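Hi,

Here is the structure I promised to pass on. Have a look at it first, and then read my notes below.

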Amino acid sequence: MSALQTGEGVPRPDGLTTYKFEQRTTIPSYLIALAVGDLVGREIGPRTTVWSEPDVVDAAAWEFAETERFITTGESLLTKYEWGRYDLLVLPPSFPYGDKSAVDVVAHEISHSWTGNLVTAKTWEHFWLNEGWTVFVERKITGRIHGEAERQFSSIIGWKALKESVELFGHDSPATRLNTDLTGIDPDDYFCTVPYEKGFNLLYHIEKTVGGAEIFEPYMRAHVERFASTSITTEEWQAFMFEFFEKNHGSAVVDKLKTIDFELWLRGTGMPPVDPGFDTTLADACHALAKRWDEAREHKHHNFKPEDVAGFTPTQKIAFLERLTDMVPFSHRLLARMDELYGLTPLRNADIRFRWHQLCLQADYEHIYPSVTSFITEQGRMKFVAQHGQERVGARPEYVFGEQVVLPPDCGRVNRKGYRVEGSSGMI
Ligand SMILES: [Zn+2]
């Protein structure tokens, strides 16, 4: 998303050039950002230019070629795209290189054009209205493009990430509430996957309860139309939802809605109160391969091959590695073999790298340390840096990081002098 440039740059007598931009849609002030650098652009669609440094811009244009399709799918689900241009800025250190797996991030950011940027949470206590809604819309878009099985699969991945956040903070931590109380709390201290994934699960549960997509999707559109260009609270969100279903479907649907314990969902701590029962079709192949590796501990000979993962999508590779991280740490011999066969360490996809590192760190596999260090100093995304910092410190308290991220040995959190999420090179 970008403000619209008006006219050409005007050279000034002092040698500088003045550029003007215009933002016609009302936005909250926290969305304003300036990017300055050696940037060039490539048109990849009727309203999209990818901007990056000259040596990666062509690769970036290829990586994000599907952007227009995401926008039009979002428009068919919700309302007309309001902002005119959808430009992308790719910063080289966080660029994933070559497997189009970052498209989920783009689908997420495009979804923010409606939920988060057009309909905005009034305060950070209602942050889930930005992020939970956006994950929900993102998965609706990818589901329409790649099929329902894919939507179910990424929901499983999200559930696992949610579980990790809940375990990290503790099941009764106030940080695991959807509608948090931030009195005296820095919102960054509660930053985790809860608003994203617990928020997604609440909307998913509501959709299921009221009778599926046919009934829920028109409500999504009405929600955006009703609250466009405003900032709302959880209470306002809830009141309008009841009003919509009452008006359009009467008590039959409202009675179903009333079976949901909103107080528990919104203000209870820990995991969601309802098991979503996602379809595991795409996850099964990943879990079967993980099981074979688990069993291989007992045997000297095994028949793993590079082809084991050749047909996997990037998301399936993540699910495979995630399953392994749930198991007892692997021997260094097996980790070395896995890396040799599947070529994991050289992969640039941030989510795969993150899971592979996690697996190695759990086993205190020292060969991975240089890769982890460069990853967390290049990669600014909070979700990677904060958690790796904690694992790393747990594994080797005496290990000192590079200059950009320094973690005191007794502290699992990122040192805020060394790193702040606002300075992130990634997207949230
Ligand atoms: Zn987001």
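A residue is called exposed here when its relative accessible area is over 50%, buried when it is under 20%, and partly exposed in between. Keep in mind that this is a predicted model.

Glu43 belongs to strand S5 (residues 40-45), while Arg85 is in the loop between helix H2 (67-77) and strand S7 (88-89), so the bridge ties together parts that are 42 residues apart in sequence. Arg85 has 21% relative accessibility and therefore counts as partly exposed.

Lys122 and Glu236 make another salt bridge, with 3.9 Å between the closest N and O atoms. Here the partners are 114 residues apart in sequence, because Lys122 sits in the loop between strand S8 (119-121) and helix H4 (128-146) and Glu236 in helix H8. Lys122 is partly exposed at 47% relative accessibility, and Glu236 is partly exposed at 33%.

Then have a look at Glu164 and Arg355, whose side chains meet in a salt bridge at 3.1 Å, N to O. This one ties together parts that are 191 residues apart in sequence, since Glu164 lies in helix H5 (residues 148-169) and Arg355 in helix H14 (residues 350-362). Both Glu164 and Arg355 are buried.

There is also a network of salt bridges, which links Lys140, Arg144, Glu148, Arg151, Glu207 and Glu217. Over the whole structure, the search comes up with 24 salt bridges.

**Aromatic rings**

Now for the rings. A pair of aromatic rings is described by how far apart the centres are and by the angle between the planes. The count for this model is 26 aromatic pairs. Take Tyr219 and Phe245: their ring centres are 5.3 Å apart and their planes stand at 40°, so this pair is tilted. Tyr219 is part of helix H7 (residues 213-227) and Phe245 of helix H8 (residues 234-249), so the contact ties together parts that are 26 residues apart in sequence. Tyr219 and Phe245 are both buried.

Phe227 and Phe240 are arranged edge-to-face, because their planes are at 80°, with the ring centres 5.5 Å apart. This pair, too, links distant parts of the chain, with Phe227 in helix H7 and Phe240 in helix H8, 13 residues apart. Phe227 counts as buried at 4% relative accessibility, and Phe240 is buried as well, with a relative accessible area of 10%.

All four of those residues belong to a cluster linked by ring pairs, made up of Trp133, Phe136, Trp159, Phe200, Tyr204, Phe216, Tyr219, Phe227, Phe240, Phe244, Phe245 and Phe278.

**Positions from the record**

Which residues does UniProt list for "active site"? The entry, which is unreviewed, gives Glu109 and Tyr196. They are spread over 88 residues of sequence, yet they cluster in space, with a largest C-alpha distance of 12.9 Å. Glu109 is in helix H3 (residues 103-111) and is buried, with a relative accessible area of 16%. Tyr196 is in helix H6 (residues 194-210) and also counts as buried, at 13% relative accessibility.

**A patch on the surface**

Finally, turn to the outside of the model. Trp51, Leu89 and Leu91 form a nonpolar patch there, and together they have about 230 Å² of accessible area. Trp51 comes from strand S6 (residues 48-52). With a relative accessibility of 33%, Trp51 counts as partly exposed.

Best wishes

Key:
Residues numbered from 1 in each chain as written. Predicted model: local features only at pLDDT ≥ 70, side-chain atom pairs only at ≥ 80, totals over all residues. Heavy atoms only, no water. Patch = residues over 30% accessible without salt bridge, like charges linked within 9 Å, V, L, I, M, F, W, Y side chains within 5 Å. Areas by Shrake-Rupley, 256 points an atom, 1.4 Å probe, with all protein chains shown as cover. Salt bridge = Lys/Arg side-chain N within 4 Å of Asp/Glu carboxyl O. Helix = DSSP H or I, 4+ residues; strand = E, 2+ residues; numbered from the N terminus. Buried < 20%, exposed > 50% of the residue type's maximum accessible area, 1.4 Å probe, protein only. Phe/Tyr/Trp six-rings, centres within 6.5 Å; stacked < 30°, edge-to-face > 60°. UniProt positions renumbered as here; feature names shortened; annotations may be inferred.
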